[in-house]
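User: Could you walk me through reading a structure like this one, feature by feature? I would like the general idea and then the case at hand.

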Amino acid sequence: MRKKFFLLAAIMALTVSSAFAQMSSNVNHLNIAVGALYERGLDATISYEHETRYHHAWEYFANGYIQWAEDPDAGHVTKQSFWHNYFTYSIGIAYKPCVVRGRNHHGNLRIGVSGGSDTEKMIGAAHIGYEHTYALRNGFQVFWQIKEDVVLRGEDLFRTGVALGVKLPL
């Protein structure tokens, strides 16, 4: 009788703990991403992500963006025209509701706002996009993003592009 009770208790504990882990993971990640944006832009983002129930998440991020141009004298992109054309940096927050769930992957909308500078004046931005994440072992994840940024008071109003990144568990 005692063995049956312990076996039943062990099975119930495993079932309840796995169900609870699926519903409320509350995992934190350090995200690092780099991307290419239209027209002639590169960006890098480092962020802290707090995942809540059902893969919904909050992301707090810092972003740097560089836009290059052709050097008019050389007729091609040079070090000077790449690194010293146009640069912005910003910090912001994004809410990421989960819209797709699979066995080892999930997809989130990414809706956020940020504020920063282009080294001459303050700028603001609204962010919308889609992020798809693939789970690896030991809590590591890789992801890709399709993003659209609407920048107020910047040189370019719309920034559209893709980014690839990794999520490191904390």
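Analyst: Happy to. One thing to keep in mind is that this is a predicted model. Let us begin with a single side chain: Tyr95 has a relative accessibility of 30%, so it counts as partly exposed.

User: Which residue forms an aromatic pair with Tyr95, and how is the pair described?

Analyst: In general, two numbers describe a pair of aromatic rings: the distance of the centres and the angle of the planes. Here, Trp58 and Tyr95 lie 4.8 Å apart, centre to centre, with 45° between the planes, and the pair is tilted. Trp58 belongs to strand 3 and Tyr95 to strand 4, so this pair ties together parts that are 37 residues apart in sequence. Trp58 counts as partly exposed because its relative accessibility is 35%.

User: What is the geometry of the pair made by Phe82 and Trp83?

Analyst: Those ring centres are 4.9 Å apart and the planes stand at 80°, so the pair is edge-to-face. Phe82 is buried, at 18% relative accessibility, whereas Trp83 is exposed, at 56%. Ring pairs also bring in Trp68, which forms a cluster with Phe82 and Trp83. The count of aromatic pairs comes to six.

User: Which residues form the nonpolar patch on the surface?

Analyst: The patch is made of Tyr48, Trp58, Tyr60, Ile93, Tyr95, Val113 and Leu170, and together they have about 650 Å² of accessible area. Strand 3 (57-67) and strand 4 (86-96) are the elements that give two or more residues to the patch. Ile93 lies in strand 4 and is partly exposed, at 31% relative accessibility.

User: Now for charges. How many salt bridges are there?

Analyst: The general idea is that side chains of opposite charge can pair when their charged atoms come close. In this model the count comes to ten salt bridges. Take Glu39 and Arg40 as one of them: their closest N and O atoms are 3.2 Å apart. Glu39 is partly exposed, with a relative accessible area of 39%, and Arg40 is partly exposed too, at 36%.

User: Where in the chain do the partners Lys147 and Asp43 lie?

Analyst: These two side chains meet in a salt bridge at 2.7 Å, N to O. The pair links distant parts of the chain, with Lys147 in strand 8 (residues 141-152) and Asp43 in strand 2 (residues 41-51), 104 residues apart. Lys147 is buried, at 8% relative accessibility, and Asp43 is buried at 5%.

User: What is Asn31 in contact with beyond its sequence neighbours?

Analyst: Asn31 is found in strand 1 (residues 28-38) and is buried, at 2% relative accessibility. Leaving aside neighbours within four places in sequence, its contacts include the network members Glu49, Glu59, Lys96 and Lys167. Phe143, the ring under the charged end of Lys167, is also among the contacts of Asn31.

User: To finish, what secondary structure does the chain have, and in which order do the elements run?

Analyst: There are two helices and nine strands. From the N terminus on, the order is α-β-β-β-α-β-β-β-β-β-β. Of the 170 residues, 36% count as buried. Among contacts between residues at least 6 apart in sequence, 50% join residues at least 24 apart. The chain exposes about 10,600 Å², with carbon and sulfur atoms supplying 67% of that area.

Technical notes: Residues are numbered from 1 along each chain as its sequence is written. This is a predicted model: local features need pLDDT of at least 70, side-chain atom pairs count only at pLDDT 80 or more; totals for chains, interfaces and linings use all residues. Side-chain values use heavy atoms; hydrogens and water are left out. Patches are made of residues with over 30% relative accessible area and no salt bridge: like charges are joined within 9 Å, nonpolar side chains (Val, Leu, Ile, Met, Phe, Trp, Tyr) within 5 Å. Accessible areas come from the Shrake-Rupley method with a 1.4 Å probe; for residues, only the protein chains shown count as cover. Helices (H or I, at least four residues) and strands (E, at least two) are DSSP runs, numbered from the N terminus. Buried means under 20% relative accessible area, exposed over 50%, partly exposed in between (1.4 Å probe, protein chains only). Contact means heavy atoms within 4.5 Å. Rings of Phe, Tyr and Trp (its six-membered ring) pair if their centres lie within 6.5 Å; planes under 30 degrees apart count as stacked, over 60 as edge-to-face and the rest as tilted. A charge sits over a ring if NZ of Lys or CZ of Arg is within 6 Å of the ring centre and within 35 degrees of the ring normal.
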